[in-house]
Amino acid sequence: MLESLIHVCLAGLSKGMFIWLVASGLTLIFGVLGVLNFAHGSFYMLGAYFCYTLLSMFSDNFWLGLALGPLCVCAVGFVVERFFLRYVYHLHLPYQLLLTFAFVIIFDNLVKILWGGGSIGSPTVTGMAGSVSIAGRLFPTYSLFIMAVGPLVALGLWLMLEKTWAGRIIRAASSDREMASALGVRVPALYTGVFVFGTWLGAMGGGLAVPYVGLLTPGMGEGIIIDAFVVAVIGGLGSLKGAFLGALIIGLLSSFGTRFIPSFDMFLIFILMAGVLLWRPQGFFGEAS
Amino acid sequence: MGRYLPYMAFGLLIVLLVCIGLFADRFVLYLTMRVMLLSIFALGYNLLLGRTGLLSFGHAAFYAAGSYGMALFYLHINPDPLLGILAGVGLAVVASLVIGFFCVRHTEIYFAMLTLAFGMMVFSLIWNLRDITGGDDGLVGIGRNPLLGFSIAKDSQYYFLVVFFFALTVWIIHRIRSSPFGLVLAGISENHQRASFAGISIKSYRLAAFVISGAFAGLAGSLGAMLESNSDPFSAHWTHSAEPVLVSLIGGLHTFSGPIVGSVLFVVLREIIERFTQNWMLWLGIILLVIIMGFRGGAMGSAEQYLARWGRKFREESAS
Amino acid sequence: MSSLLKVEGLSKAFGRVVTADGLNFEIHAGQITSIIGPNGAGKSTLINILSGTLAADAGRVFLEGRDITRLPTHRRVRLGLCRSFQVVNVFPDLTVFENIQIPVLGIVRKAHHVFRSLRRERGVTERVMEVLGQLKLVGRAHDLASELSHGDQRLLEIGIALAVKPKLLFLDEPTAGMNPVERVETLETIRRLSATGRTTFVIVEHDMDIVFSLSDRVMVLHRGEIICDGTAEEVKNDKQTRECYLGEEVIE
C-alpha cells in the first residue's frame, strides 16, 4: 500500500511539473500583458512537432532538437504578438480571447497539413529510456528528469525576475504600464519580448513532452491548455509562485483521483477551480487586492 | 418605413424557409435545419455576449442539458416530442440557474474561467456517468413520435417544427432586445457601476440573461437530439461553447441579426470550402483573424456601417 | 429641520490609513451641504461608504430613520439615495434619452419587463423628457452620449442621478473639468433644483468659490474626522480649518 502511494505521489509530481512547464509561460504572459493566451497550447504543440522533426533530421539527437525546436516556435510567437495581438490590447476581452482562439484553430490545422492528421509515435531519449527502481517498483527515468527540470525552470524564472535588470523592468511594467512607460521603458518592445519568452517556455514544455507523452497529435495543445488554465487560476492569475504550487496540487490531485476515484478525477479538478474562483479569486497563494 | 423593415425581413425569411421546406432536397433541408439550430443557440447566447458583455465558455453544458434532458425523458418517461423538448429546456433552465447563480458574481476573465470550470464539470459528469448518459457513446435511439397528431418522423416533416421554434426564438429575442429589460442589459454592459446607481440590481439581471441564453441553448440541444436521434457527449465540451461565439462574431456581435447571418455564413462557407479543400477549419481560423483584425462589426455590423456611409454620401450629394 | 441622513460612529481604515474615524453627523432636508477637506481627507471614502460601494468597518447609517448600513447600492438608490461621479460616468454608446431611461425604469420598477415594448411605456417616456427638460438637453435626446461635449456629459451624469428622484443626492466635484460658462450654468441648475425642495444636495468640492457661494452648511473633513461644521461664514473664520486646510490653499 505504501509503495503504491509513493508511486501515485511520484506520478502526480511529475505530471504537475510537466503542467508547470506549460503554465509558467501562460502565467508570465498573463501577468505582464494581461492576455489569457489560448494559443499557448498551440505553442506547446508546435514545440513538440518542431522538436520531433529536428531530432529526426539530426540522427535522433533529442537535445539538439530540444535546443532548436523551441527557438523556431519563438519566431511564430513573435509574428503572433507583433503583427496581431498588439493591435487588440485596447479591445474588450472577447476579442483578445477569440484572436488567440483563432490561432489555435489555425495552428492545429497547419500541423494537420504539414505533419498529417494522425498520431506520431515519439522516440525515446538515450540514457533515459529505462526505469529506476523506487520503493520496490519501477519508475520511468524520464519522469524523474521532468521532476528535476520543473524546479530548475522555476528557480531560473525567479532569478531572472528578481535579480536581473530585465526582470525588474518586467515587474515594473506588469504592475503599472503607464509608470513604466513614463520611466522610459519601451513597453511595446517589452511586451513582444515577454510574449516571445513565454512562447519559448511553452514550446520547451512541448519539446520535453515528446518523450513523455509518447504520441504527438494535432489536438494535443487543447488538452494541456485547459490544464494550464486550471493551474493558473488556482495559483492566482498572473502569479508564477502560485502557478508552481497550483501545478503541484493539480498533478497530485489528478494522480490520486485517477488512482482512487477514476470516474471523478476530472470533475474534482474543475470543482477545485470553480471553488477557488468563487472564494479566493486571487488564487490560493495570491495576495488579496 | 425603416421601422417596419425588420418585420418585412422577418416575413421574407419565414417565406424563404417554408419554400426550402417544400421544394428543397434532403441535403439542403438538413443543412437549413443545422443553420436554424445554430441560430437558436447563438441568438440566445448573444443576448449574454453582445448585449450583456459576458463571455461564457460553459454554454455547451446547457446545450447538452437540453439534448440529454430530451433524450432521457424520451427513453425513460414519455416519448411525446413536445414534452421532451419541454423537459430538455427545463433541465437547461435549472442547470443555468444553478451555474449562473455562482458565475454572475464575477465578470470578464474570471466569469469566462468560471463558466469554463462549470461547463467542464458537466462534461465530466456526462462522460463518466455511463449508466445514465451512456458515457462516450452518448444516448441513442431517440425517435420522433407524432406531434399533436402530425407525423414528424421524416426530415421533411420535422423541418417545419424546427422552423416554428426558430421563428419563435427570433420573435422572443427581438421582443427582449426592445424591452426595458433589454435596454438595461445594454446599460449594464456599458457601465455596470452606473447601472447599479440607476437602481438596478446588476447580478439579478446578469443571472436573468444567463438563464435566458441557457434556455435557448437547451432548446437548440433538444431539437438537435431529435434531429440526429442521439445525444453526443462532446456537445458539452467547451470547444462547442466557442461555436455560438464564433458565429455571433462572424455575423456581428452587436446586431440582432448577426447570429442568424453568422450561422448561415458558417454552415454555407463550410460546405463550399469543404468541396475544394480538406481544411475548412484552417479557413475558419483565417476568417476569424480577418474579422477580429479588421471587421469587428462582423458581416452585419460592417454592412450597417457601409450603408450608413453610403446613405450620408447620397444625402450630401442630393443636397448639393 | 428634519434629519434625512444620520451617520453614527462610522469608521473605515485601509491598513493603517484611517479614512473615517468614528464620524457622527446628520444631513438635513432642504439644505445644500458641502463637504470639503484636503486631498486624502476621506471625502471619497465617505461618499463610497454612504452610497454602498464600500463597506464600513464600524458604525451605522440611517436614511429617514431606516438602517441602510448593509443595503446594496441599488436598494439605497430605490430608497432615494444617489450620487454622481467625479469623472464622466454615463452610458457612452447609448443615446442621451436611453441614458435617462435606464434609471427611470429602474426606479419605477419596470426594468425587469422582458416582453413589453419600450415604446409603450408612455409614463417612462414623459418622465425622461421631463428630466431632459430640466437639464436643457431635450434637443440632444437622440444623440449618443459620447457625442456630447464634456460639460454636457457632466450634466447628463447629474441627470442620470436626478432621474431616480433621489431625496438625497451626493455630487462628487460636480463642476470638475468644466469651463467657466458651463460651471455657472451647472451651479444655477443645482440651486434651482434644490429650491424645488424635492432633492437635498450634498456636494463634495475642491473649489472654495463654489462651496461658499452655494452651501447653506459646510463640513470640513480632515484625516477622517470632522474638524468644523457650520455656515460658510463660520467655517471661513474657523482657526483650525484655516490651519489645516485653507492654509494650504493660501500657500499655493
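**View 1. Who touches whom among the three chains.** Start with the overall layout of the predicted model. What about chain A and chain C: how far apart are their nearest C-alpha atoms? Those atoms are 11 Å apart, and the two chains do not touch.

**View 2. Chain A meets chain B.** Here 37 residues of chain A are in contact with 40 residues of chain B. The size of an interface is often given as the accessible area lost when the parts come together. For chains A and B, that buried area is about 3,800 Å², and carbon and sulfur atoms give 85% of it.

View 3. Which helices of chain A each supply at least two residues here? They are α4 (93-115), α9 (220-235) and α11 (265-279). Of these, α4(A) gives the largest share, with 14 residues. Sort the chain A residues that touch chain B by class and you get 34 nonpolar, 2 polar and 1 charged. As for links across the A and B interface, the count is 0 salt bridges, along with 1 residue pair in polar contact, both residues at pLDDT 80 or more.

**View 4. Two helices packing inside chain B.** Two packed helices are described by the angle between their axes and the distance between the axes. In this view, α1 (residues 5-23) of chain B packs against α2 (residues 26-51) of chain B at an angle of about 145 degrees, and their axes are 9 Å apart. The crossing of α1(B) past α2(B) is left-handed. On the α1(B) side you can pick out Leu17(B), Ile20(B) and Gly21(B), which meet Val28(B), Leu29(B), Thr32(B) and Met36(B) of α2(B). That contact is made up of 5 nonpolar and 2 polar residues, with no charged ones.

**View 5. Chain C meets chain B.** Together the two chains bury about 2,600 Å², with 65% of it on carbon and sulfur atoms. On the chain C side, Phe91(C), Val114(C) and Phe115(C) lose the most area to chain B, together 22% of what that side buries.

View 6. Which side chains meet in a salt bridge here? Look for Arg194(B) and Glu157(C), at 2.5 Å from N to O. The interface of chain C and chain B has 1 salt bridge, and there are also 8 residue pairs in polar contact, with both residues at pLDDT 80 or more.

Note on methods. Residues are numbered from 1 along each chain as its sequence is written. Chains are lettered from A and ligands numbered from 1 in the order in which they are written. This is a predicted model: local features need pLDDT of at least 70, side-chain atom pairs count only at pLDDT 80 or more; totals for chains, interfaces and linings use all residues. Side-chain values use heavy atoms; hydrogens and water are left out. Contact means heavy atoms within 4.5 Å. Buried area is the accessible area (1.4 Å probe) that two parts lose on being put together, summed over both. A salt bridge is a side-chain nitrogen of Lys or Arg within 4 Å of a carboxyl oxygen of Asp or Glu. A polar contact is a pair of N or O atoms within 3.5 Å; within protein, one must be able to donate a hydrogen and the other to accept it, and residues adjacent in sequence count only if both atoms are side-chain atoms. Helices (H or I, at least four residues) and strands (E, at least two) are DSSP runs, numbered from the N terminus. Ala, Val, Leu, Ile, Met, Phe, Trp, Tyr, Cys and Pro count as nonpolar, Asp, Glu, Lys and Arg as charged, and the others, Gly among them, as polar. Axes are lines fitted to C-alpha atoms, for helices over the stretch in contact, and angles run from 0 to 180 degrees between N-to-C directions. A crossing is left-handed if the near helix is turned anticlockwise from the far one by less than a right angle, and right-handed if clockwise.
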